[in-house]
Amino acid sequence: MPDSNFAERSEEQVSGAKVIAQALKTQDVEYIFGIVGIPVTEIAIAAQQLGIKYIGMRNEQAACYAASAIGYLTSRPGVCLVVSGPGLIHALGGMANANMNCWPLLVIGGSSERNQETMGAFQEFPQVEACRLYTKFSARPSSIEAIPFVIEKAVRSSIYGRPGACYVDIPADFVNLQVNVNSIKYMERCMSPPISMAETSAVCTAASVIRNAKQPLLIIGKGAAYAHAEESIKKLVEQYKLPFLPTPMGKGVVPDNHPYCVGAARSRALQFADVIVLFGARLNWILHFGLPPRYQPDVKFIQVDICAEELGNNVKPTVTLLGNIHAVTKQLLEELDKTPWQYPPESKWWKTLREKMKSNEAASKELASKKSLPMNYYTVFYHIQEQLPRDCFVVSEGANTMDIGRTVLQNYLPRHRLDAGTFGTMGVGLGFAIAAAVVAKDRSPGQWIICVEGDSAFGFSGMEVETICRYNLPIILLVVNNNGIYQGFDTDTWKEMLKFQDATAVVPPMCLLPNSHYEQVMTAFGGKGYFVQTPEELQKSLRQSLADTTKPSLINVMIEPQATRKAQAEHHVKAAKA
Ligand code: ADP
Ligand code: MG
């Protein structure tokens, strides 16, 4: 910045594109994902010139998924930059997903010129209005001078209160318009959200309910991961010897291999707990709404959440603790500390949970040890788990691939698991992996991103493999290939089926082309590809992929096309797939 005397005299002009870039930089935006075109190319170039990293993607939807994962991983929103009309519409899926997950995100969309509005301009669409349903805040600055103000407000809205998506609309005529530098005032970087704490009397009541619990359970959700509450929650678990259950993305807040983790007895823990403390987890479909028959009808819920409107959804909680999870957990610790107490480790509750965990683990081990070919899901995941680096990110999506994978693949670190999430979105995997990879490269080089995809899930954003190769990201993609959505057919059945009839008439809707060589998508762009059919081939290809840090890989793992999960869990498949 020139000194103020000089600035006052200056005739220097600045373009709208540069003002946007500077406003983002001032708000500490580190990463932009997008696809350029009219009218946003100049914005991306200006941002790069200011040191903001720009990652060009192949579809706005994947770009938006990537930007939203940046928000979850770094607590500041990533930006998704898209062109007008269809570009913005492709990004709506990412906005909805971010909002449902309560993740911060800032989408910047170019739009048609203001003086052509309602005339049928190129890619004209009511974008601010369209985004309203998918965001917490959606606005168009009234002038270039207003851009820094609106961008600060969007960034702030995305991280304050319950985090979510925000949209800022930039008309094409703003981008290249020049204004005097002195007319622009940049807003200061908006501070991290203020920390709120729960009411003291509610904390006292909660502590007493926990102390009097016969069969207590802590549920750790992705809100706890987002709140960086790992230290306080781990202390709560260990000091009072309380059983805990992570939700899919709550995995790793306390490591999965912790002796008090009852993930392997999930159904039993939910069904018989008499007191459940929810740390940043909603009683939605993932947690079976908190209702019988999956829970006791008189189970007492203690709900910890930053969003007041969430408290009391579906079930009337016994205690509500409104506030930041980390701060509230510290309040709880302080209160519980006043009287020496711990939950008895020899209780009947612990015994029944341990028994169930043992039998469930034995059942999956047995399936994993099956030698028959093609492999089943359990065999595949056990071999992946054996080689999984402890500090890796695990990204996963698919139906059985994600569900079974979650029970076998362990997380040891918070915010290191990303999956289809609250909205059950397929197609998020590659965008999430790309976001995790750029963050890992900057903050903890050497970390791997292991992206475990069903073959159908992989297809949604498959062309992002080119993005992975272009930026040479430390990603290993494993495509667990059963030739279909839920289930598929082997090649012989396929050929038989097509002998007499046209494919559109006879191929079941869930079938995909059998024996597809997805690994060639990776080799097409210079990465390494493996087609594996046996446990030995899987082990070897994973070893080689992990040893070579110079290239991304894709391992296409063929499994039994009709493989499913273990029998006793069958009834969950339909009800809960996250
Ligand atoms: P999961 O899918 O893991 O069950 P959800 O997305 O359903 O988790 O719930 C996360 C909850 O965490 C949301 O209700 C959200 O309001 C809450 N939350 C997010 N950030 C914080 C925070 N810093 N402190 C407290 N609660 C938070
Ligand atoms: Mg499949």
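Predicted model: local features only at pLDDT ≥ 70, side-chain atom pairs only at ≥ 80, totals over all residues.
A polar contact is a pair of N or O atoms within 3.5 Å. For Lys222, an N or O atom of the side chain is found 2.7 Å from an oxygen atom of ligand 1. Taken alone, ligand 1 exposes 580 Å², and 97% of that area is buried by the protein. There are 21 residues around ligand 1, and those that come nearest are Arg162, Lys222, Thr247, Arg282 and Asp305. Ligand 1 takes up the space of the second largest pocket.

The magnesium ion (ligand 2) is coordinated by OD of Asp455, OD1 of Asn482 and O of Gly484, at 2.0 to 2.2 Å. Along the sequence, the spacing of these donor residues is D-x26-N-x1-G. Asn482 has a relative accessible area of 2% and is therefore buried, since buried means under 20%. Gly484 is also buried, because its relative accessible area is 3%.

Nonpolar side chains were examined next. In soluble globular proteins, side chains of this kind tend to be buried together. The largest nonpolar core in the model contains 153 residues. Leu24, Phe33, Met95, Phe279, Leu321, Ile475 and Leu477 have the most contacts inside this core. Another core, of 29 residues, lies apart from the largest one and includes Ile384, Cys392, Ile450 and Leu478.

Methods:
Residues numbered from 1 in each chain as written. Chains lettered and ligands numbered in written order. Heavy atoms only, no water. Donors = N, O, S within 2.8 Å, 3.2 Å for Na, K, Ca; no water. Buried < 20%, exposed > 50% of the residue type's maximum accessible area, 1.4 Å probe, protein only. Core = buried A, V, L, I, M, F, W, Y, C linked by side-chain atoms within 4.5 Å. Near = heavy atom within 4 Å. Polar contact = N/O pair within 3.5 Å; in protein donor to acceptor, adjacent residues only side chain to side chain. Areas by Shrake-Rupley, 256 points an atom, 1.4 Å probe, with all protein chains shown as cover. 1 Å grid on protein atoms, 1.4 Å probe; cavity = no way out; pocket = protein on both sides within 12 Å on 5 of 7 lines; lining within 4 Å. Sits in = over half its atoms within 2 Å of the grid points.
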